[in-house]
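Have the structure open as you read.

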Amino acid sequence: MHPVPPSRPHRSAFLRTLAERGFLNQCSDPEALDAGLARGPVTAYVGFDATADSLHVGHLVSIMALRWLQRTGHKPIVLIGGGTTRIGDPSFRDASRPMLDDERIAANAAGIRSVFARYLTFGKGPTDAVMVDNADWLDGLRYIDLLRDVGRHFTVNRMLGFDSVRLRLEREQPLSFLEFNYMILQGFDFVELARRYGCTLQMGGSDQWGNIVNGIDLGRRTEGRDLFGLTTPLLTTASGAKMGKTASGAVWLNADKLSPYEFWQFWRNTDDADVGRFLRLFTELPLADIESLERADGAGINEAKVILATEATRLCHGDDHAERAAETARRTFTSATAPDGLPTITVAGDPSVGIPVVDLLVQAQFAASRGDARRLIRDAGARLNGAVVTGEAAVLTTADLSADGSARLSAGRKRHALVRVTVDTPARSDT
């Protein structure tokens, strides 16, 4: 099955919104799907495996697609992959995912559930979102029944032709029989959601196209159902970097993994070339406002980045955290003192002797190693309380600390942290 481009403008508000904002990548039968969406509420789902205890910015395109689905009058399903996480999706991966035990999977699932309450409205109404776990039906499957009732509709010839499998084999990288079964289970998920909830649309990133098509075919072969698939683009930044990844790791959506200020700062650091695209995808600003913002340059493009950061943070963490992060950033750039709200690291040491700045840079994750920290200092990229650190052997001393025992550490103009020192003096023995 190949994606077919629409032959006329979209009738449904959902597909029209997705097209205008850059969400559409592939669609299995766009005209029939568009007609169904225009007739009335459609139920659609996106699946999220519980491979970590938080989702990250790379998942936000799918989450925002679900949000627009609900906002345009349709019903979203969030599928937590408590069952499929035991296998791990092999799509476009060079190696198998680490095997997680049931306790870790349950903890991860609990961590990622909290994200969706900020983006979707849950309840029992016709367009209220629901959250389900595929462990509810996969855990009870009997293997022989699965092979007979589901597996017979999948040919190995076709499965080997999917890019996610073919690329792994071409690179002579192992693909376990366990992983090979993943696409069968994901196809079964789609049919099961159709049975239980009347779900007719599966959405996901473009790397999920093959898995989605399997579910469409399985629904048609086993039950004569008309199911649809829609994928969103897998995003990279203008520099070619994978969306949601930074030098210090993933940009998590849970505040206990990444503070709202750091989340805000990630968006504030967006490349100029990405601002308009990200405003369309990750905010709900009207398109006319976005077009005006992306035409800006100089100070105007910086203001557009502040708006992007604040609006994206507002959706993920709420109004208070978004406004506080924006204010913290403003004060950081205009004030000589360190404002509240900055990411904070606590170090033990004796400031009367001196605490090496290279160690502080590493602990704040401004540098990957001491050598990296020294290079940052040599390039005049490190600052302490706004002053450039001038030597690789520089230390933080008592004179650098404010009355509350803190100092502001910076890397470049955009990364800042508050350093709090707990005095660690050698124990003295009296004789």
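## Ground rules

Contact here means heavy atoms within 4.5 Å. This is a predicted model, where local features need pLDDT of at least 70, side-chain atom pairs count only at pLDDT 80 or more, and totals for chains, interfaces and linings use all residues. Residues are numbered from 1 along each chain as its sequence is written, and side-chain values use heavy atoms, leaving out hydrogens and water.

## Threonine 232

Leaving aside neighbours within four places in sequence, threonine 232 is in contact with Phe23, Asn25, Val61, Ser62, Gly204, Gly205 and Ser206. Threonine 232 sits in strand β6, residues 228–232 (strands are DSSP runs of E, at least two residues; helices are H or I, at least four; both are numbered from the N terminus). With 2% relative accessibility, threonine 232 counts as buried (buried is under 20% relative accessible area, exposed over 50%, partly exposed in between, using a 1.4 Å probe and protein chains only).

## The sheet

Strand β6 belongs to an open, mixed sheet of six strands, ordered β1-β6-β5-β2-β3-β4. At the edges are β1 (26–27) and β4 (130–133), each pairing on one side only; strands pair if DSSP finds at least two bridges between them. β3 (residues 75–81) and β4 run parallel, with four bridges, and leucine 79 has valine 132 in β4 as its bridge partner.

## A buried helix

Seven of the eight residues of helix α13 (residues 275–282) are buried, so α13 is largely enclosed by the rest of the structure. Its cover includes α1 (13–21), α3 (60–71), α12 (260–268), α14 (287–294) and α15 (299–317).
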